[in-house]
Amino acid sequence: MQVSAPAVEPVGDQRLQRRQRPLRSAWLVWGVAAVCYFAALFHRASLGVVAPEALDRFHTGPAVLALFSALQLGVYLALQVPSGLLADRLGPRRVITGGVLALAVGSAVFAVSGSVLGGIAGRVLIGFGDAFMFTNVLRLAAQWFPADRFGRVAALTGLAGGLGQVFSTLPLGTSLHTFGWVGTFLGAAALTLVLALAGWLVIRDRPAGYAPEVTGQAEGIGHTLKVVVAQRGTRHSFWVHFVLMAQFVAVTTLWGSPWLTDAQGHGESEVGTLLMLCVFGFIAGTWFAGQYMAGRHLRRERFTLGLSVAVVAVWALLVLWPGTLPMPVLVAALVVIGIGGGGAMLAFDGARAANATHRSGAASGVVNMGGFTAAVLIQLLVGVVLQAVAWLPAAAAYRWAFAPVLVLLVLGTLAQASRRQHRAS
C-alpha cells in the first residue's frame with residue numbers, strides 16, 4: 001500500500017505571501033468602492049457649494065432650494081434599509097455599480113435642466129445613487145477584512161467621503177467659473193460613468209473561497225430588521241449618527257454657503273475656504289475616531305457622547321450669538337461641526353459590533369437613517385423658518401432658523417445619554 005507524503009507546512013515567506021495576497025486584494029476592492037463613495041459625497045455636497053448660483057439658475061427662493069436638498073436626502077433616507085438589505089442579498093458589486101450609474105445620470109440631468117422640476121429630478125437621481133454607496137462599501141469591508149479591522153476601515157471610508165466633499169468646495173467653484181454650469185456637471189457625469197465601469201470590473205463581493213457565515217436558514221426581511229433593531233448597540237448608534245452626522249450635513253450640503261454669505265458677510269472665496277475647513281475637521285475627526293476609538297466599546301461611547309455635547313454647545317452659540325461671529329470663533333465652530341461629522345463614523349463600528357456579519361448591511365442602513373432623518377428635518381425646517389422671517393436682517397433670520405437644529409441635537413443627545421445610562425444600570 002502506498003503511503004502518501006505528509007503535508008508540508010509552508011515556510012515563513014510562503015505563509016506571509018498567503019496572508020498578504022488576500023489583504024492586497026481586500027485593499028484594492030475596498031479602494032475602488034471607496035472612490036465610488038468619494039464620488040457620491042462630491043455629488044451630494046455639490047448643491048451646497050453652488051447654492052447661490054442655483055438660486056439664480058432656477059429662479060427660486062430658499063424654501064424651494066431647501067426642497068431640492070430635502071428631496072435628495074429624503075430619497076437617500078428612504079432607501080437606507082433597502083440598501084442594507086440589498087447589500088446582504090444581491091452583493092455590493094451590483095448595487096454599487098448601479099448606484100454610480102444613477103449618480104452619473106443625475107448629474108447630467110442637473111447639468112442641462114433650467115427648470116425647478118428638472119433640477120429636482122437631477123437631485124432625486126443623485127440621492128438615489130448616493131443611497132447605495134456607504135452601506136455597500138461597509139458590507140465589502142465586513143466581508144474582506146477581519147472583524148478587528150472593521151472600525152478602522154469604516155473610518156477610512158469616511159475619510160474617502162470627506163475628500164469627496166473637499167473636492168466639491170474650491171475645485172468645484174473654480175470649475176464652475178471656468179467651464180460654466182453645464183460643462184462642470186456634464187464633466188462630473190462623464191467621470192462618474194467611467195468610475196461605474198471600473199467598479200464593475202474590479203469589485204468582488206467576497207474573497208475567493210470565502211465561506212459565508214452559517215445562519216441556519218435564509219432570514220426574512222422582517223425578521224432581519226427586528227433582530228437588528230432589538231440590539232441596544234444598534235439603537236445607541238442610531239442616536240449617535242442622528243446628532244453628529246445631521247448637523248454636519250446641514251452645513252455642508254445646503255445651508256453653510258448661504259449662511260456664511262448672507263448672515264456672516266463673507267465673500268465667495270472665503271466661503272469656499274471656510275467650508276473646506278469644516279470638511280478638514282470631518283477628515284481629522286474620522287481619522288482620530290478610527291485610530292483611537294474604533295473597536296473600544298466604552299471609550300467609543302464616552303467619546304461620542306462628549307462630542308455630541310460639544311456639538312450642542314456650538315449650535316447654541318450659533319443661535320445665541322448676537323450679530324456676526326468673530327473669525328476665530330467662526331473657524332472654531334466650523335471645525336467642531338466637522339469633527340462631529342467625522343466622529344459619526346463610530347456609529348457604524350458600534351452597529352457592526354452589535355450584529356452578526358450577515359446582518360451588517362441592514363444594521364448599517366438602520367444606523368444611517370438616524371443622521372439623515374435629522375438631516376431631512378433640518379433642511380426643511382431651516383428653509384421654512386427663513387421664508388417665514390424673511391423680513392428680518394439675515395443674521396437674525398439665520399439665528400431663528402438654526403433654533404430647530406439645536407432642539408433636534410439636544411433631543412438626540414439626551415436619547416443617546418439615556419441609552420448609555422440604561423446599559424450602565
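What follows is a short walk through some helix pairs, a salt bridge and a surface patch.

This is a predicted model, so keep in mind that local features need pLDDT of at least 70 and side-chain atom pairs count only at pLDDT 80 or more, while totals for chains, interfaces and linings use all residues. Residues are numbered from 1 along each chain as its sequence is written, and side-chain values use heavy atoms, with hydrogens and water left out.

**Stop 1: α5 and α6.** Select residues 92-112 (helix α5) and 116-131 (helix α6). Helices here are DSSP runs of H or I, at least four residues, numbered from the N terminus. The two pack at about 165 degrees with axes 7 Å apart; axes are lines fitted to C-alpha atoms over the stretch in contact, and angles run from 0 to 180 degrees between N-to-C directions. That makes α5 and α6 roughly antiparallel (the label for angles over 145 degrees). Show the side of α5 that makes the contact, including G99, A102, L103 and G106, against α6 residues among them G118, G119, G122 and L125. Contact means heavy atoms within 4.5 Å. α5 passes α6 in a left-handed crossing, meaning the near helix is turned anticlockwise from the far one by less than a right angle.

Stop 2: How many salt bridges does the structure hold? Three.

**Stop 3: α4 and α7.** Now select 80-89 (α4) and 134-144 (α7), which pack at about 30 degrees with axes 9 Å apart. α4 is therefore roughly parallel to α7 (under 35 degrees). On α4, look at Q80, S83, G84, A87 and D88; on α7, at T135, N136 and R139.

**Stop 4: α12 and α13.** Jump to 268-293 and 297-320, whose axes come within 10 Å and cross at roughly 150 degrees. So α12 is roughly antiparallel to α13. F288, Y292 and M293 of α12 touch R299, R300 and F303 of α13.

**Stop 5: a nonpolar patch.** Finish with a surface view of V407, V410, L411 and L414, a nonpolar patch of about 350 Å². Patch residues have over 30% relative accessible area and no salt bridge, with nonpolar side chains (Val, Leu, Ile, Met, Phe, Trp, Tyr) joined within 5 Å and like charges within 9 Å; areas are Shrake-Rupley with a 1.4 Å probe, and for residues only the protein chains shown count as cover. L411 lies in helix α17, residues 394-424.

Terms used
Salt bridge = Lys/Arg side-chain N within 4 Å of Asp/Glu carboxyl O. Parallel < 35°, antiparallel > 145°, perpendicular 65-115°, else oblique.
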